[in-house]
Amino acid sequence: MTRMSAEPLTVSWRPLDRSFFARRPVEVAPELLGRVLVHDSPGGRVAVRLTEVEAYGVPGEDPASHTYRGQTRRNAVMFGPPGHLYVYFTYGMHFCANFVCMPEGTGAGVLLRAGEVIAGVELATARRNGRRAAPDGPSEAGDAKDSAAPARSRRPGGVVAPRDLARGPARLAVALGFAREHDGVDCCGDGPVRVLEGAPVDPSRIRTGPRVGVANGKDTPWRFWIDGDPTVSPYRPHQPRSR
DNA sequence: CCTATGATCATCT
DNA sequence: GATGATCATAGGC
């Protein structure tokens, strides 16, 4: 069943324990659906109910994982303790966020692909639209600590539908204000980023399939999403670059 | 709804 | 030097 955005949502505000993340990504991923990721920044609070995630495996196991060939500077956080954010920059303009999984030293995680913004829609929208040079000064999009949306995501005069605010991994990162400086942030402490128990989804409502935009390991069904949820991103196979 | 294309750069080979 | 865990836009139906 599709959850209507306007329906009241009853969630648990208890934070998830670090031990939740210290398991195989393929176990953690489906159990993340329905959980709530919160980021309190100087500009305000945005909370996202996760509706779509992907598991990425340990070195040597999963050719699609950033850790497949071992540790590098970029993926170093994935080899750190579980329950931290791994945020990476890609395509020259986008950030995407993962939860680090498995015990420290392993190198695995879960990509956060999509969700529903359940708090801070106004701030998330402002981030998406980016800083706009208003005639009378800077916008209300948050302060300098908040990362502005990439210029290309602006729709001058257009409006982003609430359902699209976190529909896709780079959009989700923009909505939550995640960028380079959030790589390595702990989600299981007293910091500004937390994961709440939320409203875990019954397994009967979870669907699985191949991961989006993945070339190697393209048939591994490690994508998990809430069946029928309108905030789940569309499936797209990997496309080699044209020449 | 759908498919095609370009943007843009850190990272790895 | 090639590529990518993407997205916005343009155009067709």
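This is a predicted model: local features need pLDDT of at least 70, side-chain atom pairs count only at pLDDT 80 or more; totals for chains, interfaces and linings use all residues.
## Basis of the model

Local features require pLDDT of at least 70 and side-chain atom pairs pLDDT 80 or more, while totals for chains, interfaces and linings use all residues. Residues are numbered from 1 along each chain as its sequence is written, chains are lettered from A in the order in which they are written, and side-chain values use heavy atoms, without hydrogens and water.

A residue is near a strand if one of its heavy atoms lies within 4 Å of it. Of the atoms of DNA strand B that come within 4 Å of the protein, 65% belong to sugar and phosphate.

The side chain of Thr-72 places an N or O atom 2.3 Å from a phosphate oxygen of DNA strand B.

Sugar and phosphate make up 51% of the atoms of DNA strand C that come within 4 Å of the protein.

A side-chain N or O atom of Arg-171 lies 2.5 Å from a phosphate oxygen of DNA strand C. For Arg-241, a side-chain N or O atom is 2.4 Å from a base oxygen of DNA strand C, and a polar backbone atom of Ala-64 is 3.3 Å from a base nitrogen.

Note on methods. A polar contact is a pair of N or O atoms within 3.5 Å; within protein, one must be able to donate a hydrogen and the other to accept it, and residues adjacent in sequence count only if both atoms are side-chain atoms.
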